[in-house]
Amino acid sequence: MEDEARLYRLNGIAHVAESIDDELFGELPPQNKVKQMTVYYTWFHDRFRVLPADASEETVRIYARAYIVMLLSSQLFADKNENRVHLRWLPYLASLDDLGRYSWGSAALAWLYRCLCRGTNRNVVNLAGALQLLQSWIFWRFPTLRPSGFHGFGFPLASRWVTYLPRNDAVGQRVVFARLLLDRLRVHDFVWEPYSSAEVAAVIHPEILVDEHRRLWTAITSLIYFAAIEWHQVDRVLPQFGGVQHLSQPALNIDWLHAKDGSGGDRWFPIYF
């Protein structure tokens, strides 16, 4: 129990040194690159930018861990500390062979849901989370908001927009135009089943659609990202899965969970929840 709490809290430079130097990255970042439970992104970028040509298998694993932790912190689970990498991932990177046992997709979705909930507060000006996932969801379902010229299909499906680079100028005009399109939205302007086309079926893995896996991604269950817990209420959007929408039950009230962010206290979150 004590070790679990220590891994989750990761307080102090002593534990950072033990985890990084002895197990994962082969050396300790300078103390000026460490802030509480994070390490500045620049240390990872400078230290692991180029893999040595004569790298041993262990060195390759070290560089792989560094790349993965940067990917997790800057893409899938991005927060507003864009210049720092959180060390909560260290226990999960100790064994690269075990990474596939975790449900990274559901965790990323839980974090995105939590960020969207926070984004509805009037005092919040920035949005975090896997925004590429959110953008892809919008483009697939709202044809009027979709950029033109992206007709190819690949897997993962979000890769369809990989070369999309919006211009930085006239941001205000684009926001006004997008709001106007949403105000004028009609029934046929929303695609309920964007992945039902033959083009999509040709590129996705067939096992995704078998009953065993379909029961998984249509389950009404909790999505967990450390102390952030969201609810996967697919019963309220059945048309997106090819079903007929019934009268939904009232949405599950999990406001008390939204107040939990893992800060403060010393309770190990899996046992507490």
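Three strands form an open sheet in the order 1-2-3, with antiparallel pairing; helices (H or I, at least four residues) and strands (E, at least two) are DSSP runs, numbered from the N terminus. The model is predicted, so local features need pLDDT of at least 70 and side-chain atom pairs count only at pLDDT 80 or more, while totals for chains, interfaces and linings use all residues. Residues are numbered from 1 along each chain as its sequence is written, and side-chain values use heavy atoms, with hydrogens and water left out.

Strand 1 pairs with strand 2 (residues 38–40) in the antiparallel sense over 2 bridges, where two strands count as paired if DSSP finds at least two bridges between them. Across this pairing, lysine 35 stands opposite threonine 38 in strand 2.

A second pairing joins strand 4 (221–225) to strand 5 (residues 228–232), antiparallel over 5 bridges. Here leucine 223 has glutamate 230 in strand 5 as its bridge partner. The hairpin of these strands has 2 residues between them, and phenylalanine 226 takes a positive phi near 50 degrees there.

Now for the interior. In soluble globular proteins, nonpolar side chains tend to be buried together. The largest nonpolar core here has 32 residues, and those touching the most other members are Phe25, Phe44, Phe48, Val69, Phe77, Trp89 and Tyr225. Such a core is a set of buried Ala, Val, Leu, Ile, Met, Phe, Trp, Tyr and Cys residues joined through side-chain atoms within 4.5 Å; buried means under 20% relative accessible area, exposed over 50%, and partly exposed in between (1.4 Å probe, protein chains only). Helix 3 (41–47), helix 4 (57–76), helix 5 (90–93), helix 6 (104–119) and strand 4 each supply at least two residues of this core. At least three come from each of domain 1 (10–101) and domain 2 (106–261), with bounds from an automatic or database domain assignment. Apart from this core lies another, of 7 residues, among them Phe139, Trp140, Leu157 and Ile204.

Helix 7 (residues 131–141) comes next. Its buried residues are Leu134, Ser136, Phe139, Trp140 and Arg141, and they pack against helix 6 and helix 9. Serine 136 is buried because its relative accessible area is 6%. Not counting residues up to four places away in sequence, serine 136 touches Ala158 and Trp161.

At 52% relative accessibility, serine 196 counts as exposed. A polar atom of its side chain lies 2.9 Å from the backbone oxygen of glutamate 193.

What about the cysteines? There are 0 disulfides, a disulfide being a pair of cysteine sulfur atoms within 2.5 Å. The sulfur of cysteine 117 is 9.2 Å from the closest cysteine sulfur, in cysteine 115, and therefore too far for a bond. Cysteine 115 is buried, with a relative accessible area of 5%, whereas cysteine 117 is partly exposed at 30%.

Conventions: A polar contact is a pair of N or O atoms within 3.5 Å; within protein, one must be able to donate a hydrogen and the other to accept it, and residues adjacent in sequence count only if both atoms are side-chain atoms. Contact means heavy atoms within 4.5 Å.
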